[in-house]
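Thanks, everyone. Let me put the structure up, and then I'll walk through it chain by chain.

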Amino acid sequence: MDVVVTQVFNGLSGGSILLLAALGLALTFGQMGVINMAHGEFIMAGAYTAYVTQNVLGSAGLSLVVSLPIAFAIGGALGVVLEAALLRRMYHRPLDTLLVTWGVSLVLQQLARDVFGTAGVDVPAPEWLGGPVEVLGFSFPRTRLFILLLAIAAFLALAAALRYTALGRRIRATVQNRPLAETSGISTRATDRLTFFIGSGLAGVAGVALTLMGSISPNLGTAYIVDAFLVVVVGGIGQIRGAVIAAFLLGVAQSWIEYSTTASIAKVLVFALIVAFLQVRPQGIFTVRTRSLA
Amino acid sequence: MIGAAALLTVGLVLSACGARVDSADPSGAAAAPSCVDTSGSEIKIGFLNSRSGTMAISENTVFDSLSLAAEQINAAGGVLGKQLQVVAEDGASEPTIFAEKAQKLIRSDCVAAVFGGWTSSSRKAMLPVFESNNALLFYPVQYEGLEASKNIFYTGATTNQQIIPALDYLKEQGVTSLFLVGSDYVFPQTANKIIKAYAAANGIEIRGEEYAPLGHTDFATIVAKVRDAGAGAVFNTLNGDSNVAFFKEYRNLGLTPEQMPVISVSIAEEEVGGIGVDNIEGQLVAWNYYQTIDTPTNQRFVEAFKAKYGENRVTSDPMEAAYTSLWLWKGMVEKAGSFDVAAVQAAADGVTFDAPEGTVTVNGENHHIAKTALIGRIGADGLIHTEWSSGEPIEPDPYLTTYPWASGLAS
C-alpha cells in the first residue's frame with residue numbers, strides 16, 4: 001500500500017513536471033504547428049529569471065512568487081522576438097523552422113554560458129517549501145505538491161483563456177481555419193504573435209518551477225525538450241487536454257516501471273510504449289476535427 | 001590546386017618535423033621517432049581539455065590550474081632552463097576528438113608532453129595514440145583503476161586512494177549497511193563492484209544498488225527506494241547535473257546527513273555551489289585535496305589561483321592534481337636531464353613534489369602517485385573541511401593486488 005501511494009504520487013508529480021514543460025509547446029507546436037527547438041531554452045531562461053530575481057530580492061519566499069510573472073513575461077518576450085524575427089518568414093517550412101530554432105537554442109545556451117558561467121547556479125527553495133508534508137503517515141515533498149498545483153493551475157488558466165476569452169476564440173478560429181478567420185476580420189498575424197507569447201511564457205513559468213527540482217545550468221533545456229515533444233505528440237496535436245492526459249500517463253508509467261526495474265530500463269520501456277502507441281494511433285490520444293482544407 | 005598546395009604544405013611541415021629529431025628512442029622500435037625540438041630556449045607542451053561541450057564545466061577549471069602552473073614554472077626559470085610554450089587544444093567532450101587532437105599535438109606540434117583528459121572514455125581513446133607514438137600523457141582525475149600504461153602518468157586517485165579509504169572510514173564510524181547510487185556508465189559500475197567485494201569481506205550489507213542514466217533529472221523513485229531501504233549510509237557515484245536533482249530530492253523528502261549520510265566521490269568545491277549549500281551541507285565526500293587544507297603550500301596555491309582568476313573562484317581536487325602533474329613532469333625531466341620520453345620514464349620513480357595536497361611521490365612501476373586520502377564534510381560556507389585523513393600517503397595500487405578480497409575483480 002505504501003508503495004502504491006508513493007509511486008502514484010511520484011508518477012503524478014513527474015507528470016506535472018512534464019506537463020509544465022510541454023504546455024507551452026502544446027500551444028506553439030500543437031496549435032500553430034511550429035517546431036520550436038528553442039522551447040527548452042525558454043525554460044532555461046525562466047530558471048535563470050528565478051535566479052536573478054532571488055539575487056535582487058534576497059528573500060527566497062517572496063522571490064519565487066514574484067519570479068513567476070516575470071519569467072512568464074521574459075519567456076514570452078523571447079518567443080515574440082523569435083517569432084517576429086525568424087519564424088514568421090518560414091511558416092509552412094517545418095524543416096527550416098526546425099533547423100533555425102535549433103540554431104537559436106545553441107545561441108541561447110552559449111549566451112547563458114557567457115552571462116552566468118558554465119557551472120550551475122542554485123536557487124534555494126523558500127522555507128515554506130522545505131521538507132515533506134505528512135498525510136496519513138505518508139510523506140509528500142512540499143516542492144512536488146507545489147509543482148503539481150502550479151501545473152494544474154497553469155492548465156486551467158490556459159484552458160479557460162482559450163475557451164472563454166476573445167483572444168482564445170481568435171486563436172481557436174485561426175487554428176481551425178486560417179483563411180476563414182482572416183476573412184472574418186481576425187488579424188492572424190497578431191494572433192500568431194500572441195499565441196507564441198503565451199506558449200513561450202508558459203515555458204518561462206516551467207523554468208521557475210524546475211529550479212525547485214534540479215540543476216540550473218545552460219543546458220537545462222536540453223534535458224526536457226525531447227520529453228516535452230513526446231507529450232505533445234502522444235497527446236494529439238492541437239489538443240491541450242491531450243497533453244495533460246499524456247503527461248500524467250507518461251509520468252505514472254515512468255515511475256512504476258522505474259520502481260520495479262531501473263531508471264535506465266524505464267526510459268527505454270516508456271519510449272518503446274510510445275513508439276508502439278503511435279504505430280496504432282499516429283494522430284495521438286485526441287485529434288482535432290477541423291473544416292480547414294489544409 | 002588549393003588541395004595540392006595544402007598537401008605540399010603538410011609534407012613540408014612533416015619533413016621539417018623529421019629534420020628536427022634529436023633523440024630517437026632506442027627502445028621503441030615501432031614508434032616513429034620523436035620530433036620534439038629541444039634546440040631553442042623554449043619547449044612546447046600540450047594542454048588537451050574540453051573547452052566546449054558538456055564536460056567544459058569541469059575541464060575549464062583544469063585548464064585554468066594548468067595555465068597557472070605553466071606561468072609559475074616559467075617565472076621560476078622554466079624546465080631545464082627552457083620556457084614552456086603551451087599549445088592548447090579543445091577535446092570538445094568527444095573521445096574521438098581527444099584522440100585526433102592528441103595525435104596532432106604529438107605529431108604536428110611536436111610537444112614534449114600532453115596534460116589533460118577528464119572522462120575515462122577520453123583517456124581510453126587517447127591511450128593507443130600515446131602508446132603508438134611513445135609520447136607522454138598526464139591525466140589529472142580520479143578514476144576507476146585497473147589500468148597502468150607506461151605512456152600515461154595518473155596524478156588523480158586510483159580506487160585504493162579514494163573509494164577504499166571512504167569505505168574504511170564508514171566502517172570505522174560503525175556503518176553496517178550501504179545503499180549504492182550511481183550514474184549508468186563505466187566508473188560507477190566498476191566502483192560499485194569494488195564496494196560490493198569490500199562489503200562482502202567486511203560484513204557490510206548492501207541494501208540496494210540503483211543506476212540513473214547520465215543527465216537523469218527525476219530522482220523521486222530512486223530516493224524513495226533509498227529512504228525505504230533505511231541503510232546506514234549512501235555511497236554516491238552520480239556524475240554531473242544528476243547530483244543536483246538527487247540532493248534536492250533527498251532534502252525534500254526530509255532525509256538528513258545525521259539520519260543517513262551520503263558519501264560522494266564526484267562532488268568537489270566547484271559542484272557544491274550548483275547543488276546549493278543548503279541541500280548538501282553536512283554530507284560527506286572522499287578526495288585527496290580540499291581548498292581548506294591548512295598548509296603554507298596550499299595557501300600559496302589558493303592565493304595565486306584567486307589572484308589570477310578572481311576571488312570568487314574555488315580550487316578542487318582535479319585542479320590540484322593537474323597543477324601537480326605539470327610540476328611532477330618538471331621534476332622528472334630535470335632528474336632525467338632530458339626531455340626524451342624514455343629518459344623521463346626511467347627517471348620517474350621516486351620523484352616527489354611538495355604539492356598543495358601534501359607531499360606526493362611518483363611510483364615508477366605503475367605511473368600513479370602516492371597520495372593521502374581525505375574524507376571531508378561540506379560546511380555551511382560551501383567549502384569542504386577535512387573530517388578524517390589516512391595520515392600518510394597511500395601507495396597506488398590500481399589493480400588492487402594487495403587486497404585479498406579484491407582478487408576476483410581485476411580479471
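Then Leu20(A) is in contact with Ile147(A), Leu150(A), Ala151(A), Ala154(A), Val205(A), Ala206(A) and Ala209(A). Keep in mind that this is a predicted model.

What does Leu20(A) belong to? It belongs to the largest nonpolar core, which has 203 residues. Leu20(A), Ala22(A) and Ala243(A) are the residues with the most contacts inside that core. And which element gives the most to this core? That is helix H1 of chain A, residues 2-31, with eleven residues.

Now chain A as a whole. Its secondary structure comes to eleven helices and two strands. Read along the sequence, the pattern is α-α-α-α-β-β-α-α-α-α-α-α-α.

How does the radius of gyration of chain A sit against a compact globule? For 294 residues, a compact globule would have a value near 19 Å. Chain A has 19 Å, which agrees. Along the principal axes, the C-alpha trace of chain A spans about 60 × 45 × 35 Å. Of the 294 residues, 50% count as buried. On contact order: take the contacts in chain A with a separation of 6 or more. Residues 24 or more positions apart account for 77% of them.

One surface position in chain A. Val107(A) lies in helix H4, residues 94-116. Is Val107(A) buried or exposed? Val107(A) has 12 other C-beta atoms within 10 Å, so it is exposed; the cut-off for exposed is 12 or fewer. The C-alpha atoms of Val107(A) and Leu86(A) are separated by 14 Å, and the two residues are 21 apart along the chain.

On to chain B. Its secondary structure comes to 13 helices and 15 strands. The radius of gyration is 22 Å, close to the 22 Å that the globule rule gives for 411 residues, so chain B is as compact as a globular protein of that length. The C-alpha atoms of chain B fill a box of roughly 70 × 50 × 45 Å along the principal axes. Of its 411 residues, 52% count as buried. Among contacts in chain B between residues at least 6 apart in sequence, 69% join residues at least 24 apart.

Next, a helix pair in chain B. Helix H5 covers residues 163-172, and helix H6 covers residues 186-202. Their axes come within 10 Å and cross at roughly 35°. The crossing of H5(B) past H6(B) is right-handed. Which residues make the contact? From H5(B), they are Ile163(B), Ile164(B), Leu167(B) and Lys171(B). From H6(B), they are Ala191(B), Ile194(B), Ile195(B), Tyr198(B) and Asn202(B). That set divides into seven nonpolar, one polar and one charged.

Val186(B) has 14 C-beta neighbours inside 10 Å and counts as partly exposed. Beyond four places in sequence, Val186(B) is in contact with Ser120(B) and Glu144(B). Glu144(B) is 42 residues away along the chain, yet its C-alpha atom and that of Val186(B) are separated by 8.1 Å.

Two backbone points for anyone checking torsions. Most residues other than glycine have a negative phi. Ala92(B) has a positive phi of about 55°. Ala92(B) lies in the loop between strand E2 (83-90) and helix H3 (95-107) of chain B. With 19 other C-beta atoms within 10 Å, Ala92(B) is partly exposed; buried would need 20 or more. The other point is His367(B), with a positive phi near 60°. His367(B) sits in the loop between strand E12 (358-362) and strand E13 (369-370) of chain B. It has 24 other C-beta atoms within 10 Å, so His367(B) is buried.

Last, the interface. How many residues take part? 30 residues of chain B are in contact with 30 residues of chain A. On the chain B side, the elements that give two or more residues are helix H2 (56-75), strand E7 (205-212), helix H7 (220-229), helix H8 (242-252) and helix H9 (269-275). The residues on that side divide into twelve nonpolar, eleven polar and seven charged.

That's the tour. Over to you for discussion.

Conventions. Residues numbered from 1 in each chain as written. Chains lettered and ligands numbered in written order. Predicted model: local features only at pLDDT ≥ 70, side-chain atom pairs only at ≥ 80, totals over all residues. Contact = placed C-beta atoms within 7 Å. Helix = DSSP H or I, 4+ residues; strand = E, 2+ residues; numbered from the N terminus. Nonpolar A, V, L, I, M, F, W, Y, C, P; charged D, E, K, R; others polar. Rg over C-alpha atoms; globule rule 2.2 N^0.38 Å. Axes fitted to C-alpha atoms, helices over the stretch in contact; angles between N-to-C directions. Left-handed = near helix turned anticlockwise from the far one by under 90°. Core = buried A, V, L, I, M, F, W, Y, C linked by C-beta atoms within 7 Å.
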